[in-house]
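Hi everyone, thanks for coming. I'd like to walk you through one structure today, so please have a look at the screen.

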Amino acid sequence: MLFSRISRIRSTGSNGCRWFLSHKPHLQFLNPPAYSYSSTHKVLGCRENFSWGLPALHGFRHNIHHQSSSLVEEQNDPFSLVADELSMVANRLRLMVVTEVPKLASAAEYFFKMGVEGKRFRPTVLLLMATAMNISILEPSLRGPGDALTKELRARQQRIAEITEMIHVASLLHDDVLDDADTRRGIGSLNFVMGNKLAVLAGDFLLSRACVALASLKNTEVVSLLAKVVEHLVTGETMQMTTTCEQRCSMEYYMQKTYYKTASLISNSCKAIALLGGQTAEVAMLAYEYGKNLGLAYQLIDDVLDFTGTSASLGKGSLSDIRHGIITAPILFAMEEFPQLREVVDRGFDDPANVDLALDYLGKSRGIQRARELAKKHANIAAEAIDSLPESNDEDVRKSRRALLDLTERVITRTK
Ligand code: GRG
């Protein structure tokens, strides 16, 4: 059972996505193949509200059961399930960035302060993954009876969640400098508030503290995985800012860049959680597949929301990508239906009239719908990876797996 599902994933997943198969990505990008990919929830301990609920569940809930069912929902909510640990991770992150230089200290802790911690999507996934794979196979060096070992393993897995969040925030700091952004997470971006130089240094500082934490795990495979992630972030960002006209219009290139910029971090961190837990290569691969496909689905929806915002209508989003000349899945799909759109894209989007023209074509096309469908496909592959994990009768394990499945729904129904 396990292996038949693994092979199903292999045929459609990481290795199943054609854009990851090529060992010569540049050649592939130069000559792209025809692309035919035929609740408001309150995070505990966090002051921000995020629309991560499932509207359908809320819409049809019978009034009489309102209180009890919302309690059950709350208990099974992915973020609530790990709320206490998320607070511990947040506290440790604040301690991990302490330094004696006052300006560096305030720059480094900027996005770890309460209320501006973001959605905490990555640590939530990683902590749930740690429980979902609690299949009692400990790393050889940790094998032995007793609760202390389980706690030690959990602490090491929490450390991965902390490192991942640090790498994520470091990349946001650098990204905002490159984009000259003035806001992030609803407040002034660090470059806007403290200047580019301090923002770059703060990003470097977070990366170096993440490296120290990583080294303390004394697991070279995990170190390699996360070092690769940093390389991927830099590669993805560079791919985005150095595209040729051909590459900008290639779905292969877009998906590869999306993997590097968004999905690599969560997928390799999920794999790191599995490796620390002493899981088999097959189980670690399933963890990786879950993270990769969840990350791809997440970014595809992000790219849709850039056009639609919270409503379904076009032009309600920030239109930030297209205004920056970044071509994403909805436009790429629209271009397949309306090849004339290619000329508009090639002219660039410095002229707002060109943005309007592209939006007209997008509105007439199935671009938004097809990008959503592609996100759903990836979300389904992520769900299959969870369903393929070795069976477990442990109630906590099952709950965490349900929560991971729940997240695959939420990524595609989210409006923020
Ligand atoms: C310094 C590691 C490092 C990298 C430098 C700038 C750069 C190279 C990479 C940019 C990577 C980047 C910012 C990718 C975007 C990833 C993404 C989906 C960000 C938004 O994540 P959310 O929605 O944000 O989870 P919150 O604020 O909720 O954490």
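α10 and α15 cross each other in a right-handed way. Before I go on, please keep in mind that this is a predicted model. How do these two helices run relative to each other, roughly parallel or roughly antiparallel? Their axes come within 9 Å and cross at roughly 165°. Angles over 145 degrees count as roughly antiparallel, and α10 and α15 are therefore roughly antiparallel to each other.

Now let's turn to the ligand. Which helix gives the largest share? That is α10, with seven residues.

In total, 19 residues surround the ligand, and the closest are K119, R122, H168, R185 and Y298.

The side chain of K119 has an N or O atom 2.8 Å from an oxygen atom of the ligand. For H168, too, a side-chain N or O atom sits 2.8 Å from a ligand oxygen. With Y298, the distance from a polar side-chain atom to an oxygen of the ligand is 2.4 Å. And how much of the ligand does the protein bury? On its own, the ligand exposes 760 Å², and the protein buries 91% of that.

That's my tour, and I'm happy to take questions!

Terms used
Residues are numbered from 1 along each chain as its sequence is written. This is a predicted model: local features need pLDDT of at least 70, side-chain atom pairs count only at pLDDT 80 or more; totals for chains, interfaces and linings use all residues. Side-chain values use heavy atoms; hydrogens and water are left out. A residue is near a molecule or strand if one of its heavy atoms lies within 4 Å of it. A polar contact is a pair of N or O atoms within 3.5 Å; within protein, one must be able to donate a hydrogen and the other to accept it, and residues adjacent in sequence count only if both atoms are side-chain atoms. Accessible areas come from the Shrake-Rupley method with a 1.4 Å probe; for residues, only the protein chains shown count as cover. Helices (H or I, at least four residues) and strands (E, at least two) are DSSP runs, numbered from the N terminus. Axes are lines fitted to C-alpha atoms, for helices over the stretch in contact, and angles run from 0 to 180 degrees between N-to-C directions. Angles under 35 degrees count as roughly parallel, over 145 as roughly antiparallel, 65 to 115 as roughly perpendicular and the rest as oblique. A crossing is left-handed if the near helix is turned anticlockwise from the far one by less than a right angle, and right-handed if clockwise.
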